[in-house]
Amino acid sequence: MTSVRQDEPVRPTKRDEVAAAGSELIGGPFGRHALFGTHWLTPVRVIALVAIGMFALGMVQKLPCYNGGWFFGATSQYTHACYSDIPHLYAGRGFADGLIPYFDRLPGDMEYLEYPVLTGVFMEVASWMTPHSGDLQFREQIYWLVNAGMLMICAAVIAVCVTRTHRRRPWDGLLVALAPAFALTATINWDLLAIALTAAGMLMWARSRPLAAGVLIGLATAAKLYPVLLLGPLLVLCWRAGTWRAYGKAVAGAVASWLMVNLPVMITHDATGFHIREGWAKFYVFSQQRPIDFGSVWLLISQRTGAALENANTYATLLMILGCGAIGLLTLYAPRRPRFAQLAFLVVALFILTNKVYSPQYVLWLTPLAVLARPRWRDFLIWQACEVMYFLGIWMYLAYTGNGDKHQGLPPEGYQLAIALHLLGTLYLCALVVRDILMPERDVVRRDGDDDPSGGVLDRSPDAFVLGRAYHPPRHAVHFEKAPRVRWGVARD
């Protein structure tokens with residue numbers, strides 16, 4: 001079996017046929033005499049620049065809406081597929097009037113801002129940099145531009161963190177930077193803030209800094225709810241490896257940082273004592289009371305059957321619990337301990353698939369995790385194609401329903417097909433990740449001699465508790481020729 005230096009970078013054009021074919025546009029695959037790290041354009045810098053360039057292209061795609069689609073015409077923002085929540089919520093959530101999120105009551109039914117605190121701070125900071133005088137349309141345009149600039153920084157952070165998480169696979173970051181669905185959905189909402197903090201947290205865990213990782217995951221949870229799910233995979237992974245001290249540090253850091261951000265807004269005091277502020281609780285109340293919405297499996301079932309599915313909350317919760325239990329058993333029974341990124345992708349995908357809404361920008365949550373879990377261009381692009389089709393489908397469906405009797409756009413049956421497509425695309429990627437866990441010799445990352453480069457203290461650690469058999473040679477798949485042998489259960493260098 002061929003030996004490979006453990007610190008030698010993996011050349012994607014030698015391992016991935018799609019990457020090799022695509023490299024013909026820039027001169028072809030790496031040759032045997034190619035040198036790494038001899039130019040100022042390192043992989044991190046190249047990928048950061050590509051991510052910024054793709055983000056800019058996504059901004060250009062929103063130009064028809066910036067020039068009028070957000071402000072004129074009932075369905076123009078849908079027919080041009082350039083919708084964004086950002087300009088609409090500038091006035092709709094009181095930022096144009098100088099109202100303070102969570103403290104000042106909003107006119108209308110919403111009453112308070114329905115976003116977590118750190119996202120609310122992000123929105124408020126952007127409003128400070130927006131002119132407070134002049135035409136409202138102009139101010140909404142500037143507000144979108146300011147937010148887009150801040151979100152561009154988040155996009156660059158995400159690309160850099162993914163690039164640096166797997167030390168020997170820096171070029172996998174191009175999957176994030178070039179992801180078409182990432183560019184199309186980046187400025188729909190404020191999700192990139194939480195994603196950047198999550199990616200930074202995973203990088204810190206990969207660098208064996210669990211406290212810093214926990215702090216960043218806690219901050220990410222203060223911006224969006226889903227990052228807290230990453231503590232679940234870490235629990236079962238640390239259980240299997242016996243690394244409880246590291247897990248305790250991560251949980252302590254997450255709780256402390258989340259409380260630090262939320263407590264000043266969460267608690268109010270009056271003559272009767274301390275209370276939970278109604279404005280702070282709005283996000284959690286809204287999430288609980290929200291009906292089934294666009295993109296979800298529940299909407300697909302409801303539209304096909306005509307049933308209201310009033311118990312969707314209960315169904316979604318039960319499926320989530322069962323799914324998490326299955327992921328836990330998979331972790332403890334797998335022939336080798338799964339990689340952190342694999343389980344992180346599975347648990348977040350499970351949350352999205354069972355949720356009452358699967359918005360088009362949720363692809364942003366999964367993209368960095370998918371790249372770390374399954375860095376394979378063919379499978380990644382199949383999934384991205386499904387998400388791009390759904391991105392177009394939802395706007396064409398809204399154009400159809402918003403045109404009155406004209407019905408110009410995608411009818412309900414077509415939209416239901418688009419929902420099924422992006423659900424199946426995500427399930428396809430999940431199935432491949434599960435297969436890699438059950439047959440680790442098929443794992444793209446492990447085929448190059450690594451164990452768990454995103455695992456930090458878990459990387460190459462021996463098992464302390466398993467429900468299945470300990471590591472055994474592959475039985476259900478052929479050996480890959482020229483694949484270096486992974487040192488499993490030994491001390492790291």
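**Entry 1. H13 and H17.** I looked up how H13 passes H17 and found a right-handed crossing. A crossing is right-handed if the near helix is turned clockwise from the far one by less than a right angle, and left-handed if anticlockwise. Helices here are DSSP runs (H or I, at least four residues), as are strands (E, at least two), and they are numbered from the N terminus.

I noted the source next: this is a predicted model, in which local features need pLDDT of at least 70 and side-chain atom pairs count only at pLDDT 80 or more, while totals for chains, interfaces and linings use all residues. Residues are numbered from 1 along each chain as its sequence is written, and side-chain values use heavy atoms, with hydrogens and water left out.

Two packed helices are described by the angle between their axes and the distance between the axes. For H13 and H17 (residues 312-333) I wrote down an angle of about 25° and axes 10 Å apart. The axes are lines fitted to C-alpha atoms, for helices over the stretch in contact, and angles run from 0 to 180 degrees between N-to-C directions. H13 and H17 are therefore roughly parallel to each other; the label covers angles under 35 degrees, with over 145 roughly antiparallel, 65 to 115 roughly perpendicular and the rest oblique.

Which residues of H13 and H17 meet? On the H13 side I listed Val236, Leu237, Trp239 and Arg240, and on the H17 side Gly328, Thr331, Leu332 and Tyr333. Contact means heavy atoms within 4.5 Å. By class, the contact of H13 with H17 has 5 nonpolar, 2 polar and 1 charged residues. Ala, Val, Leu, Ile, Met, Phe, Trp, Tyr, Cys and Pro count as nonpolar, Asp, Glu, Lys and Arg as charged, and the others, Gly among them, as polar.

**Entry 2. H12 and H14.** I then looked up H12 and H14 (residues 244-266), whose axes come within 6 Å and cross at roughly 35°. H12 passes H14 in a right-handed crossing. The H12 residues in this contact include Gly214, Val215 and Gly218, and among their partners in H14 are Ala250, Gly253 and Ala254. I counted the classes of the contact of H12 with H14 as 10 nonpolar, 5 polar and 1 charged.

**Entry 3. Ring pairs.** How many aromatic pairs does the structure hold? I found 27 aromatic pairs. Rings of Phe, Tyr and Trp (its six-membered ring) pair if their centres lie within 6.5 Å; planes under 30 degrees apart count as stacked, over 60 as edge-to-face and the rest as tilted. The rings of Tyr226 and Trp365 have centres 4.4 Å apart and planes at 10°, so this pair is stacked. Tyr226 is in the loop between H12 (210-221) and H13 (231-241) and Trp365 in H19 (residues 363-373), so the pair ties together parts 139 residues apart in sequence. From C-alpha to C-alpha, Trp365 and Tyr226 are 8.5 Å apart.

Is Tyr226 buried or exposed? Tyr226 counts as buried because its relative accessibility is 2%. Buried means under 20% relative accessible area, exposed over 50%, partly exposed in between (1.4 Å probe, protein chains only). Trp365 is also buried, at 4%. Not counting residues up to four places away in sequence, Trp365 touches several residues, including Asp191, Lys224 and Phe351.

I checked a second pair, Phe380 and Trp383, which is edge-to-face with 5.7 Å between centres and 65° between planes. Phe380 and Trp383 are 3 residues apart in H20 (residues 377-402), so about one helical turn separates them. Phe380 and Trp383 are both buried. I also noted a cluster in which ring pairs link Tyr66, Trp70, Phe71, Phe72 and Trp144.

**Entry 4. Positive phi.** Most residues other than glycine have a negative phi, and most peptide bonds are trans. I looked up Tyr102, whose phi is positive, near 75°. Tyr102 is in the loop between H6 (85-92) and H7 (117-128) and counts as buried at 4% relative accessibility. Arg460 has a positive phi near 60°. Arg460 lies in the segment after H21 (412-438) and is buried, at 10%.

Gly94 is also in the loop between H6 and H7, and it is buried at 3%. Leaving aside neighbours within four places in sequence, Gly94 is in contact with Leu89, Leu99 and Leu106.

**Entry 5. Totals.** I recorded 21 helices and 2 strands. Buried residues make up 56% of the 493 residues. Of the contacts with a separation of 6 or more, 73% are between residues 24 or more positions apart.
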